[in-house]
Amino acid sequence: MSQRPALGCLLEVLETLVLTIVIFFGIQAFVAQPYKVQQGSMENTLTPEQYVLVDKLSPRWDAYAYGDIIVFKPPLSWSQGSDVPFIKRVLGLPGDTVELQDGQVVVNDVEVNEPYIFRATDGIQQQSYPAPGGATRWVVPDGELFVMGDHREDSADSRNFGPIEISHVVGRAWLRYWPFDQLGFL
């Protein structure tokens, strides 16, 4: 009996394993990436400990739009040495004028309808107020987005650090997959 067939089988197993690892990391780097929600800023749309799948591919040909939920690297001044990405909702696109008026978000002189904003146990929807002593009006520069969390009172967002660079966006969250009983598209 020859050891040739055993060696060939071992090489096939190794080849399959290496190819699987390359495909896994290729998909995660360029197509889709899992993300664990770690902040409460998107409640009740997303809560801490849920997992979402982040689409990294479609933003290459389909620009971010109003209402998209995105994952991004926070500005250095807000990362506090942590590499935990933020997850927020897009409210302003390049060239937009975003204003906070009487607790409401107004984009290009049109009040934004935001049914997803966090509601307290009494059912009252939170208001969108500026950061203490902060700006109430922003013009979103080219290549940037204005983002806010759905839980406005528990969110460090563009009200605090201004618009974010699109180049810092990891991708668009599009599927909540854990816990499994809350599986659904965002």
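Asp 68 and Arg 172 are both buried. In this predicted model, the two residues form a salt bridge in which the closest N and O atoms are 2.9 Å apart. Asp 68 belongs to the loop between β2 and β3, whereas Arg 172 belongs to strand β11 (residues 169–178), so the pair ties together parts that are 104 residues apart in sequence.

Side chains of opposite charge can pair when their charged atoms come close. The structure holds five salt bridges in total, and the bridge between Asp 68 and Arg 172 is one of them.

## Two further salt bridges

Another salt bridge joins the side chains of Arg 89 and Asp 150, with an N to O distance of 2.8 Å.

The side chains of Arg 152 and Glu 114 meet in a salt bridge with an N to O distance of 2.6 Å. Since Arg 152 lies in the loop between β9 and α3 and Glu 114 in the loop between β7 and β8, the pair ties together parts that are 38 residues apart in sequence. Arg 152 counts as buried because its relative accessibility is 3%. Glu 114, with a relative accessible area of 4%, is likewise buried.

## The loop between β9 and α3

Asp 157 is found in the loop between β9 (144–148) and α3 (158–161). Is Asp 157 buried or exposed? Its relative accessible area is 0%, so Asp 157 is buried.

Which residues are in contact with Asp 157, once its neighbours within four places in sequence are left aside? They are Lys 88, Val 147, Met 148, Gly 149 and Gly 162.

Strands of a sheet pair through backbone hydrogen bonds, either parallel or antiparallel. Here, four strands form an open sheet in the order β7-β6-β5-β8, with antiparallel pairing. The edge strands are β7 (110–111) and β8, each of which pairs on one side only.

Strand β5 (residues 97–101) is mostly covered, as four of its five residues are buried. Four bridges join β5 to the antiparallel strand β6 (residues 104–107), and Gln 101 stands opposite Gln 104 in β6. The two strands form a hairpin with two residues between them, and Asp 102 in the turn has a positive phi of about 50°. Towards β8 (residues 137–139), β5 is joined by three bridges, again in an antiparallel arrangement. Within β8, Trp 138 is the bridge partner of Val 98.

## The loop between β7 and β8

Ala 131 is placed in the loop between β7 and β8. Ala 131 is buried because its relative accessible area is 16%, a value under the 20% limit for that class.

Residues up to four places away in sequence being left out, Ala 131 touches Arg 159 and Asn 160. The C-alpha atoms of Ala 131 and Arg 159 are separated by 5.9 Å, although the two residues are 28 residues apart along the chain.

## A nonpolar surface patch

Where is nonpolar surface gathered into a patch? Leu 19, Ile 23, Ile 27, Phe 30, Val 31, Leu 57 and Trp 61 make a nonpolar surface patch of about 690 Å². One of these residues, Ile 23, is found in helix α1 (residues 4–30). Ile 23 has a relative accessible area of 45% and is therefore partly exposed.

## The loop between β2 and β3

Ser 58 lies in the loop between β2 (51–55) and β3 (69–72). Why does Ser 58 count as buried? Ser 58 is assigned to that class because its relative accessibility is 13%. The side chain of Ser 58 also makes a polar contact with the side chain of Asp 55, at 2.2 Å.

Terms used
Residues are numbered from 1 along each chain as its sequence is written. This is a predicted model: local features need pLDDT of at least 70, side-chain atom pairs count only at pLDDT 80 or more; totals for chains, interfaces and linings use all residues. Side-chain values use heavy atoms; hydrogens and water are left out. Buried means under 20% relative accessible area, exposed over 50%, partly exposed in between (1.4 Å probe, protein chains only). A polar contact is a pair of N or O atoms within 3.5 Å; within protein, one must be able to donate a hydrogen and the other to accept it, and residues adjacent in sequence count only if both atoms are side-chain atoms. Two strands pair if DSSP finds at least two bridges between them. Patches are made of residues with over 30% relative accessible area and no salt bridge: like charges are joined within 9 Å, nonpolar side chains (Val, Leu, Ile, Met, Phe, Trp, Tyr) within 5 Å. Accessible areas come from the Shrake-Rupley method with a 1.4 Å probe; for residues, only the protein chains shown count as cover. A salt bridge is a side-chain nitrogen of Lys or Arg within 4 Å of a carboxyl oxygen of Asp or Glu. Contact means heavy atoms within 4.5 Å.
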